[in-house]
Amino acid sequence: MLSNHPEEFRYLILALQRQGSRQLNNLYSQLNLTNSQAEAIEIVGNYGPMSTKEVGNYLICESGSPSRLLSTLAEKGISRTAQSTTDKRTTLHALTPKGREILAQVSELKDSFHKELSSELSRASNLHPNNIFASFAYLLNDPYLKAAMHRRFPNVFDHL
């Protein structure tokens with residue numbers, strides 16, 4: 001069952017997204033990366049070499065132009081750039097050997113994160129079958145986001 005208050009549900013989804021993003025940024029900080037940088041490494045590593053525009057077409061975490069993101073990866077020695085042989089205006093991106101090593105580490109951290117998230121999702125759905133709102137509310141455990149949700153929507157956690 002969904003909440004009778006779509007605004008509560010929308011903000012709950014936003015809070016969960018922010019919580020997950022913060023958790024991933026914390027994990028990837030071990031590699032001196034942000035969540036967006038890790039996503040770009042995965043895209044270039046799995047689909048590259050590819051143009052800046054093509055990378056941008058695959059990005060979900062980072063909106064706008066991926067140029068800054070890709071420049072940062074090149075500065076860190078994770079990727080390298082080359083001019084396209086078919087279109088001199090196009091810059092292609094590929095991972096360096098160091099980038100391939102980091103891609104493996106990113107994948108390990110992401111897999112660990114997904115296993116934990118899967119366990120939490122299973123627990124939430126077992127506690128609140130047929131009530132996605134209550135399941136999502138259960139998943140929100142960041143104290144600051146939870147407090148903000150409670151201040152804005154005082155009854156949001158009454159379902160639990």
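In which helix does Thr-52 lie? Thr-52 belongs to helix H3, in a model that is predicted. Its relative accessibility is 19%, and the cut-off for a buried residue is under 20%, so Thr-52 counts as buried. Leaving aside residues up to four places away in sequence, Thr-52 touches Pro-66, Ser-67, Leu-70, Thr-91 and His-93.

Just after H4, Gly-77 adopts a positive phi of about 80°.

**Helix H6**

At the start of H6, the backbone nitrogen of Phe-133 has a side-chain oxygen of Asn-131 within 3.3 Å. Phe-133 is itself buried, as are Ala-134, Ser-135, Ala-137 and Leu-139 of H6. The packing partners of the buried residues of H6 are H1 and H5.

**The largest pocket**

H1, H5 and H6 also take part in the lining of the largest pocket, as does H2; each of these helices supplies at least two lining residues. Their residue ranges are set out below.

| Helix supplying at least two lining residues | Residue range |
|---|---|
| H1 | 6-28 |
| H2 | 35-47 |
| H5 | 97-127 |
| H6 | 132-139 |

The space in the largest pocket amounts to about 840 Å³. Its lining comprises 32 residues, and those nearest the centre of the pocket are Gly-20, Ser-21, Leu-24, Phe-113 and Leu-117. H1 provides the largest share of the lining, with 11 residues. By residue class, the lining of the largest pocket divides into 15 nonpolar, 12 polar and five charged residues.

Which helices do the buried residues of H6 pack against? They pack against H1 and H5, and both of these helices, like H6, supply at least two residues of the lining of the largest pocket.

Terms used. Residues are numbered from 1 along each chain as its sequence is written. This is a predicted model: local features need pLDDT of at least 70, side-chain atom pairs count only at pLDDT 80 or more; totals for chains, interfaces and linings use all residues. Side-chain values use heavy atoms; hydrogens and water are left out. On a 1 Å grid over the protein atoms alone, a cavity is a set of points where a 1.4 Å probe fits but cannot get out, and a pocket is an open set with protein on both sides within 12 Å along at least five of seven lines; lining residues have an atom within 4 Å of a point. Grid points are joined across faces, edges and corners, and a volume is the space filled by probe spheres set on the points. Helices (H or I, at least four residues) and strands (E, at least two) are DSSP runs, numbered from the N terminus. Ala, Val, Leu, Ile, Met, Phe, Trp, Tyr, Cys and Pro count as nonpolar, Asp, Glu, Lys and Arg as charged, and the others, Gly among them, as polar. Buried means under 20% relative accessible area, exposed over 50%, partly exposed in between (1.4 Å probe, protein chains only). Contact means heavy atoms within 4.5 Å. A polar contact is a pair of N or O atoms within 3.5 Å; within protein, one must be able to donate a hydrogen and the other to accept it, and residues adjacent in sequence count only if both atoms are side-chain atoms.
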